[in-house]
Amino acid sequence: MWADLVFLGQIAVKSSVAVALAALGELVAERSGVLNLGVEGMMLMGALAGFAAALTTGDPWLGLGAAALVGAALAGLHAFFAVALRANQVLAGLALTILGAGLSSFLGRSLAGQSGPRFRPLHLPWLSDIPVAGEIFFTQSAPAYLLYGLAPLLWYWLFRTGSGLRVRACGQGAASADAAGVNVARTRALCTVLGGALAGLGGAYLSLSYTPGWATGMTGGQGWIAVAMVVFAAWRPLGAVAGAMLFGLFQALQFWFQATGQELVPAWLLRMLPYLLTIAVLAVVQGSPSLRRRAGAPADLGRPFAREG
Amino acid sequence: MAANTNTIARGEPLLSCRGVCKRFGAVAANRDVDLDVWPGRVHALLGENGAGKSTLMSILAGRYRPDGGVIRVRGAPVAFASPAQARTAGIGMVHQRFMLIESMSVAENVRLAAPGARDADIAALGERYGLSVDPARLVADLSMGERQRVEIVKLLMRGADILIFDEPTSILAPAEVEALFSVLRRLKAEGRAIVLITHKLDEVLALADDISILRRGRVVAGCLTLDQAPGRRELARLMVGREVLLSVEKPPRDCGAEDETVLAAQGLSGLDASGRPAFADVDLAVRRGEIVAVIGVAGNGQDALARCLAGLGGGTAGSVAFAGHEGGRAMPAARWRGARGLSYVPEDRHGAGSVAAMSLAENALLTGQADERGGPLLDLARGAAIVERAVRDYRLKAESPQAPAGSLSGGNLQKLILARELAAEPALLLAEQPTQGLDLAAAEDVWQALLDLRSRAAVLLFTGDLKEALSLADRLAVIFRGRILDVIAADDPTAIERVGLLMAGVAAPATADGGRNGTGACA
């Protein structure tokens, strides 16, 4: 029983890495005031680019790098429309998701079904030997460890440094940030691009570690889960990772029930839970004025900024 | 301190403008503006709304680029491409709408403007200038006066020595105004240059060393020193360009009119928009043929009270009765949702009062359409007629009924909203801060419209302007911290003094239960 639970935890963490990376990326973009609904498309392109580069070079790390670049490039496209042209961010983001899905399906046709290099579980000295926690968190592949480092780093950046303060200011009050001398457009563009790179990494984790290989539409909606998790976490990095892990747990439970044949909770309910929880969190936060004021929801999210005159 | 300012030699101005021009499309907001600001002096910039004061200041703060002219700071010509460059030149501005991020702490807001400022520095600087605010507090939890202090701390923290204040007292309580003035005097004594933009002549005479007056984008009187300055009547005349009556003609109340009570609130309590208790135990009655003013300093619960009486919710206890609605019977406050015959002119004329992208005619139909028998179809001709009437009766300046509402200035928009609400022939007009931010000429038109209505209906006026309340209202209900402290007849010779004291929260000296006496008077 105990071993089963540890195994369940392991699978849960394993299933959460892609969502967590993409959610962190979306969080940075949204904190700066840019809503990017193109996460799903950027993840798909990242998954394809990562797999293709790893297949060509034989090195999964180069695949990871390529995925980040492709994700960043697509996000750059979003930044061009959403920040430079001040287009409607919802429409631009949706277009990006459609573009990513279509383009990856088209370009990946010859790669589907091939097998290539992958990240294997990496045993870390000390950490992997800790009972229970070590077995759950430190028997993962390299991108998971990247995530463990990245989440606190992003938190520190956003909440403990001057440039992080300026990023949050662009999302919370673009006019105030501008009056304080922050270059709102540049900050937003850079954050969007950084967010895209992380979404690309999330996608590559899927094609290089979680379900190695390329399959059309292989993200299966994880990009949308990532967008939901940002809201669920009230725009806090560590909360986003925790939310992603909760999502991973639901995934793991589905596998578990399938494997054991005893379906304690129906699979459709588990698949629904991340969205239901997000709605519940939104309802609770919106219902309480003091929570609402303290929640991180960027006041200027999705609102293009232009100085008059 | 006064002696100090007189001994400072004028020398070279810290900031000087020559021939500054700025156009927005066909409108010239600034034409050939000259302005000099010296260290250790307060330069008051007077002018009506739309005179170009804010445009000029936005140019100095680097938000707009001028189309022509030269700006010198410390003698060197500058051309600001961004607010950041103006900041670097030592120019700091306290905008009318604060540039603060509500969900962040005071310290974070200061650090945004002055990177690297530590909490201890912020507290120490606040202490030194009498601007103390706890750096750890959330801006959303601060009062307007405290927020303004944060804005000033931001400027001082980054060492700005040319400080621009845009209508700084419009949101302050009288006690806070005095505190702000002493801060300004201290900054002046330190040799900083201060520009004070204002409508209020008293403030100018109390604080300014130099005075410039803008009218229609031009300087009509430049750099008068205080002793050269003419009296306030003359200053007002220079501002508007014609003789201004500082009071309107209020006909005596028609005693023949029946004293029918149109609106009566009993023990009314309620919450503001964010769910906090805002007002309590309010008893208020408005009769036909009179104007009742609810007067108070902003932030004393009058916004929530106005919304609640207008039927927008927020009431938790007490009752409201409205003549002709449910037989005039009192109904629980929680269920009060307005009634036919009640018209409402909201304070926020841009957001709540109109839709910028819709035409004037459409805006004229936004409320009151349900009263018509026109059915589901939009009667655009009626909307156009309302606009035409506003053009004729209230001197609304508009191109055509098809022009978008967003093209109107604040004063003209207010006239349109008034015309719309009056077209419904209300039994009670609830007008909230109807002349706030309007220039004198527009305000006079609004006042006249309210006085005209008084002869046939009831008016409940929410205002923070004592002069407006005294010259329009028959009775004044003073609200302080959510309670009506007293109701005073406007023709009472001691009204000015008593209302002024009550607004500041100083209850009548004789009784501690003065509030109960006062509310009894209107029951």
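## The second largest cavity

By class, the lining of the second largest cavity comprises seven nonpolar residues, one polar and one charged, where Ala, Val, Leu, Ile, Met, Phe, Trp, Tyr, Cys and Pro count as nonpolar, Asp, Glu, Lys and Arg as charged, and the others, Gly among them, as polar. In this predicted model, local features need pLDDT of at least 70 and side-chain atom pairs count only at pLDDT 80 or more, while totals for chains, interfaces and linings use all residues. Residues are numbered from 1 along each chain as its sequence is written, chains are lettered from A and ligands numbered from 1 in the order in which they are written, and side-chain values use heavy atoms, with hydrogens and water left out.

The space in this second largest cavity amounts to about 40 Å³, and its lining is made of V106(B), V110(B), I122(B), G126(B), L131(B), V133(B), R149(B), V150(B) and V153(B). Two or more of these lining residues come from each of α4 (106–113), α5 (119–129) and α6 of chain B, and α6(B) provides the largest share, with three residues. Helices (H or I, at least four residues) and strands (E, at least two) are DSSP runs, numbered from the N terminus.

## The largest cavity

Four cavities of 30 Å³ or more are found when the whole structure is searched. On a 1 Å grid over the protein atoms alone, a cavity is a set of points where a 1.4 Å probe fits but cannot get out, a pocket is an open set with protein on both sides within 12 Å along at least five of seven lines, and lining residues have an atom within 4 Å of a point. Grid points are joined across faces, edges and corners, and a volume is the space filled by probe spheres set on the points.

The largest cavity has a volume of about 200 Å³ and a lining of 17 residues, of which A179(A), M93(B), H95(B), L155(B) and R158(B) lie nearest its centre. At least two lining residues are supplied by each of α8 (174–179) of chain A and α3 (83–88), β6 (91–94) and α6 (144–157) of chain B. By class, the lining of the largest cavity holds nine nonpolar, three polar and five charged residues.

## The second largest pocket

The second largest pocket contains about 520 Å³ of space and is lined by 28 residues, with L342(B), S343(B), Y344(B), T367(B) and E421(B) nearest its centre. In chain B, β16 (342–345), α12 (380–393) and α13 (410–423) each contribute at least two residues to the lining of this pocket, and β16(B) gives the most, with three. The lining of the second largest pocket divides into 13 nonpolar, nine polar and six charged residues.

## Helix packing in chain A

Helix α3 (residues 60–84) of chain A packs against helix α4 (residues 89–107) of chain A at an angle of about 155 degrees, with their axes 9 Å apart; axes are lines fitted to C-alpha atoms, for helices over the stretch in contact, and angles run from 0 to 180 degrees between N-to-C directions. The helices α3(A) and α4(A) are therefore roughly antiparallel to each other (angles under 35 degrees count as roughly parallel, over 145 as roughly antiparallel, 65 to 115 as roughly perpendicular and the rest as oblique). Their contact (heavy atoms within 4.5 Å) is made by L74(A), L77(A), H78(A), F81(A) and A82(A) of α3(A) and Q89(A), A92(A), G93(A), L96(A) and L99(A) of α4(A).

Helix α1 (residues 2–31) of chain A and helix α11 (residues 237–260) of chain A pack at about 135 degrees, with their axes 6 Å apart, which makes α1(A) oblique to α11(A). By class, the contact of α1(A) with α11(A) has 21 nonpolar, four polar and one charged residues.
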